[in-house]
Amino acid sequence: MKKLIILFLAVIGIMASSCKKDKNDSQDNTLGNGVFILNQGNFNSANATLSYFDPADNTITNDVFFNVNKVPLGDVAQSITSSGNTSFIVVNNSGLIYAIDNRNAKILGSITGLTSPRFMLIIDQNKAYVSDLYSTRIAVVNPSTYQVVDSIEVGRTTEGMVMAGSEVFVANWSAFGQTAKNDMVVVINSLNDVVVDSIRVGIEPNSLVVDKYDFVWVLCSGGYDNQQVPSLWKIDPRTHFVVDTLIFDTITSNPDNLNVNGTGDILYYLNRGIYKFSVDSVALDTVPFIEERKDRHFKYIGVDPVTGDIYASDPLDYQTNGIIYRYKDSGVLLSKNEAGLIPGAFGFNYH
Amino acid sequence: MKRTAFHITLITLAWLVFMQVQGQMMSDTLTLDQFEVIGMQQDFASPVKKAVMDSTVMHEMNTSDLAELLASFTPVSVRTYGSGALATASFRGTGASHTKVLWNGFGINSPMLGSTDLSLVPNSFFNRMELYYGAASMRETSGALGGSVLLEYDNHWTKQPSVDFEQVFGSFHTMETTAGISVGGKKFGSDTRIVYRTSKNDFPYYNNAVVPARKMTQENANISNAGFTQQFNYRFNRNNEIDVVTWNQWNVQNIPPVMTNVDRGGDQKEYLKDFFSRNSVRWVWQKKQNKLEVSAAALYDDMNYKLQRSGGDDSTGPVTLIDSKNRTGSYSGKVKYSREFKNNFVLVTGTDAVFERVNSNNYDSAKRRTTFSVYGDLVKDFNKRLRLNLLLRAEMTDGILLPVMPLFGMNYRLMKREQLYVRANISRNYHLPTLNDLYWSPGGNPELKPEDGLQTEGGLKYIKKLSTLTLSADVSVYASWINNWILWTPGNFQYWSPQNIAEVFARGLEFTFRVQGTKGNFSYYGFAEYAFTKTTNESQVAERAGYDGKQLIYIPTHSANGFVHAAYKGFYLGWNVHFTGERNTSLNSEESYSNTLPAYFLNDVSAGKILMLKKARLELRFRVNNLFNENYQAVRWRAMPGRNYELSVKFNLN
């Protein structure tokens with residue numbers, strides 16, 4: 001009942017705010033601190049949605065984007081990245097990025113004309129990179145004006161990106177549309193947008209993070225068809241040398257979703273269950289930190305940079321609303337909520 | 001293996017014995033006098049529901065495709081991705097592959113998809129269309145759990161040669177030419193028909209799925225269809241005739257982006273190119289109460305689906321994301337024997353063999369499937385009021401025997417004076433998995449079982465003939481339980497796989513009212529139809545996920561259509577209204593914009609004039625589709641055209 005009342009109030013609040021068409025529009029603060037949850041939706045069905053989770057009272061509000069903006073989020077909501085009071089939602093098959101106000105989810109602008117955008121990495125106030133699944137160019141965009149200003153020819157398709165120092169490390173996850181093997185991390189100098197190096201890792205590097213020592217960690221699945229045993233790579237961004245390689249125990253596992261906590265000392269990833277890895281450790285765990293069950297399969301995880309809580313999504317049958325689980329960093333289940341269709345990326349919103 | 005061989009032997013033996021008995025009966029009865037059989041032919045006394053498409057409707061929709069005809073004039077729910085784009089049909093709350101399209105008695109559904117793209121069936125190629133609801137097509141085929149559509153071109157054995165030509169000019173750069181030549185006489189007939197249709201489909205629409213919402217023009221939606229049919233009929237003598245038919249068609253369908261994706265870069269091209277050739281030959285021997293038909297068909301289809309986007313490096317050209325090449329061949333043979341016995345008793349029996357072969361780059365290797373079936377259908381009338389019907393069908397696929405599929409039906413004339421009939425039937429029917437379900441790589445599941453339908457239906461039909469008009473009404477209620485319904489679900493790997501997991505309960509009601517009459521120079525025709533359809537997945541999986549009892553997606557609970565047509569001294573006016581109720585687009589229980597599509601009404605109006613000039617007939621027609629410019633979607637975020645116009649000129653020479 002309490003949940004219903006809160007939901008009702010939230011909807012009233014959103015409705016009231018969207019009815020007001022005065023100049024204070026963007027000042028509305030209908031969203032407290034919480035978590036944006038992108039619900040991918042089905043490919044070519046344009047049924048992606050945005051949910052908002054409030055960890056203070058464990059409530060979730062679905063369809064936030066449509067209710068506020070009266071337009072659908074689009075086709076396959078892929079990733080979300082935040083800068084100041086703005087979050088950027090990359091909508092893959094719609095070929096665009098929506099910039100929304102973190103305080104009320106209102107659209108501030110959109111970056112359009114992208115081929116198959118996957119992730120956005122903010123370099124500074126006026127520069128961001130957008131990786132692409134089909135194009136071998138990284139789009140250089142201005143996050144303040146929402147314009148595509150340039151592109152960087154990488155010669156490969158691109159996926160996850162992290163910044164270490166002034167350099168950007170880009171994973172070449174997919175082999176689609178390229179002749180080269182998909183086992184590289186490409187290094188770009190963000191000051192002049194020039195590709196400066198490439199570092200060989202395992203096949204299908206899917207996600208990367210930077211730890212508290214500024215080491216770059218790269219998780220490689222070994223290929224969707226299990227070409228290679230999966231591996232976790234540790235790269236020193238100062239020298240571009242691989243300093244450690246940890247090999248998984250079976251070729252059939254498909255680890256992905258590498259995440260790091262706010263303090264940069266614990267890595268989390270998915271491998272039919274949530275695994276935990278201390279950056280000081282020398283071996284991979286063989287049992288998950290949080291297990292999957294017959295009725296609980298994780299597809300995506302996210303780690304709250306402030307509280308350290310772990311969010312995991314279960315898309316169930318991919319045709320009905322999925323579930324979001326929230327765990328304490330000790331592994332204790334804190335909440336379980338119904339989000340939208342194929343819940344995926346998490347955007348932690350503190351403002 | 002041993003078991004399979006045993007089954008084959010058993011079936012063959014049973015069949016041989018059966019045929020022998022038939023042979024004896026045949027020779028015994030050949031000398032008997034011909035008896036009155038008219039009563040048996042009347043469809044309103046049928047224990048199953050069949051409907052013949054009215055000639056007025058056929059005329060009205062002559063230059064459009066089967067998808068538009070079914071959507072506007074029948075209770076069949078059509079899921080269309082746009083004008084001239086992929087369209088599939090769902091009868092009575094079932095899936096697209098549960099609707100069979102039978103051409104000259106042969107199923108033309110794709111062996112890969114299990115369904116037929118109805119937008120590729122030009123109505124002008126046929127002069128007879130019938131709808132078989134539920135179990136009504138079990139004599140012709142198994143697996144039509146929803147129903148079937150029959151397509152034929154009847155040769156009229158006319159002495160006069162005739163030529164017809166029709167040219168349509170439509171909005172959005174639409175042009176269609178249809179033409180036909182018929183020659184022949186009492187012994188020989190030749191019918192040639194051609195269709196050529198092109199459309200840019202560049203209709204304006206208001207795109208409220210992007211920011212800012214704006215008026216746009218549909219892009220990359222152009223289509224073209226070019227096809228011809230040739231039919232030869234030859235009558236050797238009073239007892240023997242043969243027909244040979246070929247239908248060949250070349251189709252290109254460009255697929256426009258979803259409304260949310262119009263601001264995407266990469267210059268996407270998505271299209272389907274398809275060529276099919278369908279050929280059949282049939283020999284009919286008829287003597288007194290005996291009729292024997294032997295027919296064969298060869299169906300060939302070559303389809304290419306391509307999805308391209310430009311890459312980053314301009315020199316590399318477009319990146320091909322999907323290039324799906326599929327060649328299917330289907331070869332069938334049928335023998336059908338029917339006999340009318342003296343005591344109001346009809347037997348129809350036959351055997352069918354179908355061999356399907358698929359070469360696809362989506363499969364590991366070429367795949368094939370062979371299906372044999374035998375059936376016997378008995379119809380018996382009692383006291384000219386009661387009719388009972390028993391049909392048994394046995395089928396064997398790749399050596400595996402399915403349980404026997406029975407149909408039991410009855411029809412009873414309730415009153416002696418009034419034409420009021422009550423009918424009921426119960427049946428069991430199996431639908432085989434499609435070859436994609438079995439062999440798609442990755443994911444195909446060769447272990448799939450056939451979908452198992454238990455169906456029952458009851459109905460009332462009333463016909464009243466008055467001096468100048470005929471009224472008829474029909475109401476049906478039905479319930480179908482389909483177990484082992486195949487659904488594709490995500491597996492442990494990064495691909496989906498089909499499983500026999502759903503248990504679908506489809507039930508509903510259909511109501512039709514028809515009126516037809518003339519008064520002097522004035523003639524009129526009209527009908528109204530309503531369908532209530534409730535179709536839900538009641539499996540444990542659905543129960544666990546919380547969507548048991550929830551209407552399956554894209555099937556409206558309420559749908560209705562109506563048509564009035566009036567003619568006076570060569571002038572005519574037709575008005576068609578078609579209502580599609582709200583549809584679920586997801587199985588979520590939450591009431592949200594993304595889970596439902598709103599209901600819509602479509603109105604199409606046409607007016608024409610027929611001029612008779614000795615041997616020639618000239619017809620001018622103007623048609624307005626979507627008269628009230630309804631902004632609607634048949635599939636979520638797929639733009640549909642608003643009000644549009646068609647002008648056609650038709651010329652016949654006899």
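Predicted model: local features only at pLDDT ≥ 70, side-chain atom pairs only at ≥ 80, totals over all residues.
Residues are numbered from 1 along each chain as its sequence is written, and chains are lettered from A and ligands numbered from 1 in the order in which they are written.

Chain B contains six helices and 34 strands, these being DSSP runs (H or I over at least four residues for helices, E over at least two for strands) numbered from the N terminus. Its C-alpha atoms fill a box of roughly 80 × 70 × 45 Å along the principal axes, and of the 654 residues of chain B, 42% count as buried, meaning that 20 or more other C-beta atoms, placed from the backbone, lie within 10 Å of the residue's own.

In chain A, four strands form an open antiparallel sheet in the order β3-β2-β1-β27, where two strands are taken to pair if DSSP finds at least two bridges between them. Because β3 (59-61) and β27 (343-349) of chain A each have a single partner strand, they stand at the edges, with one side of each left without a neighbour in the sheet. Strand β2 (residues 49-54) of chain A is joined to β3(A) by three bridges, and Y52(A) stands opposite T61(A) in β3(A).

S174(A) lies in the loop between β13 (167-171) and β14 (184-189) of chain A, and counts as buried because it has 20 C-beta neighbours inside 10 Å. The C-alpha atoms of S174(A) and N206(A), 32 residues apart along the chain, are separated by 8.5 Å.

Terms used. Buried ≥ 20, exposed ≤ 12 C-beta atoms within 10 Å, placed from the backbone.
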